[in-house]
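Look at the structure first, then read on.

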Amino acid sequence: MLPEREAVIPVTDHGLLYGDGVFEGIRFYYRHPFRLVEHLQRLADSCKAIRLELPYTRAQLKKAANEIIAAFPEENGYLRLMVTRGSGPMGLDPAGCKEPSTILIATRLEMIHPELRGDGIHLIIASTRRLPADGVDPRIKSLNYLNHILARMEATQAGAHEAVLLNSQGRVTEGSAENLFIVRDGLLITPRPVDGALEGITRGVILQLTAELNIPTREAPLTAYDLYTADECFLSGTGAELIPVREVDGRVLQHCPGPVFSTLAKAFQEQISIECKPKEHSL
Ligand code: PMP
């Protein structure tokens with residue numbers, strides 16, 4: 001464990017040179033990582049998909065996560081876990097990269113402004129598209145975020161808070177770093193991974209909660225029109241948790257925050273308490 005200034009990697013790391021690597025973003029609450037098992041599973045799957053051998057067992061990664069959380073000055077924060085192809089000769093061929101680099105960072109999370117959380121955010125639909133699912137499978141959480149960054153820059157340029165990326169067929173995929181949900185006539189709908197959505201861990205928690213709460217839910221293709229005419233829309237992610245959307249490309253949505261969002265946001269916070277809060281903190 002090193003202070004930030006001393007934690008350095010070689011300039012020849014293929015994660016830096018080519019974005020050849022995968023990562024996870026994990027929240028911890030009350031010094032307990034939320035859904036760590038799911039994050040480690042997704043990391044292992046991402047590694048498998050890109051033929052990168054995960055150099056540590058899940059038990060070792062779990063131990064490292066708990067150690068860095070114990071050393072962190074605050075009880076809530078964010079972990080960034082990365083595995084890159086490692087250092088090697090120039091050129092795309094990873095054969096010369098003998099040892100993957102595993103990096104674990106603990107940091108404070110820049111929270112969404114509480115006011116925005118209440119009022120809801122403004123989205124734009126970016127002209128930058130998500131990488132096609134037949135190029136890099138969207139379930140691989142790779143270090144290549146350039147098109148997501150360009151989309152986010154478009155949002156900032158337009159005075160909005162976040163951008164939605166469409167796929168090459170014009171279907172809605174997700175936000176630059178969050179999954180997207182809409183509500184229409186009481187039905188909760190989220191795009192399918194095959195259309196370009198990451199299989200978000202928070203998205204998974206929401207799908208679990210909607211099943212428990214008997215909220216009708218479906219994974220289905222969505223277009224810009226579906227967002228413009230939705231009763232409700234919200235984003236989900238490790239960093240974002242759940243954020244309501246007020247406006248999409250200047251169309252003000254019917255409800256913000258809407259009843260389905262409010263039910264799920266409350267249930268999500270309760271889930272965090274159930275899974276992370278030590279018993280002595282309980283009411
Ligand atoms: N989509 C993208 C592109 C992301 O980067 C993230 C954040 N990791 C998400 C969705 C949300 O996923 P999760 O709930 O696992 O954080």
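Arg42 places a polar side-chain atom 2.9 Å from an oxygen atom of the ligand. The model is predicted. Glu174 also uses its side chain: a polar atom there lies 2.7 Å from a ligand nitrogen atom. Ile201 works through its backbone instead, with an N or O atom 2.8 Å from an oxygen atom of the ligand.

How much of the ligand's accessible area does the protein cover? On its own, the ligand has 380 Å² of accessible area, and the protein covers 95% of this.

## The shell

Two elements, α6 (201-212) and β11 (232-237), each give two or more residues to the shell around the ligand. In total, 16 residues surround the ligand. The closest are Lys141, Tyr145, Glu174, Thr202 and Thr238.

Which classes make up the shell? Eight residues are polar, four are nonpolar and four are charged.

## Cysteines

The structure has zero disulfides. Cys47 is in none, and the nearest cysteine sulfur, that of Cys97, is 14 Å away. A disulfide would need the two sulfur atoms within 2.5 Å.

Is Cys47 buried or exposed? Cys47 counts as buried because its relative accessibility is 1%, and buried means under 20%. Cys276 has 5% relative accessibility, so Cys276 counts as buried too.

Note on methods. Residues numbered from 1 in each chain as written. Predicted model: local features only at pLDDT ≥ 70, side-chain atom pairs only at ≥ 80, totals over all residues. Heavy atoms only, no water. Near = heavy atom within 4 Å. Polar contact = N/O pair within 3.5 Å; in protein donor to acceptor, adjacent residues only side chain to side chain. Areas by Shrake-Rupley, 256 points an atom, 1.4 Å probe, with all protein chains shown as cover. Helix = DSSP H or I, 4+ residues; strand = E, 2+ residues; numbered from the N terminus. Nonpolar A, V, L, I, M, F, W, Y, C, P; charged D, E, K, R; others polar. Buried < 20%, exposed > 50% of the residue type's maximum accessible area, 1.4 Å probe, protein only.
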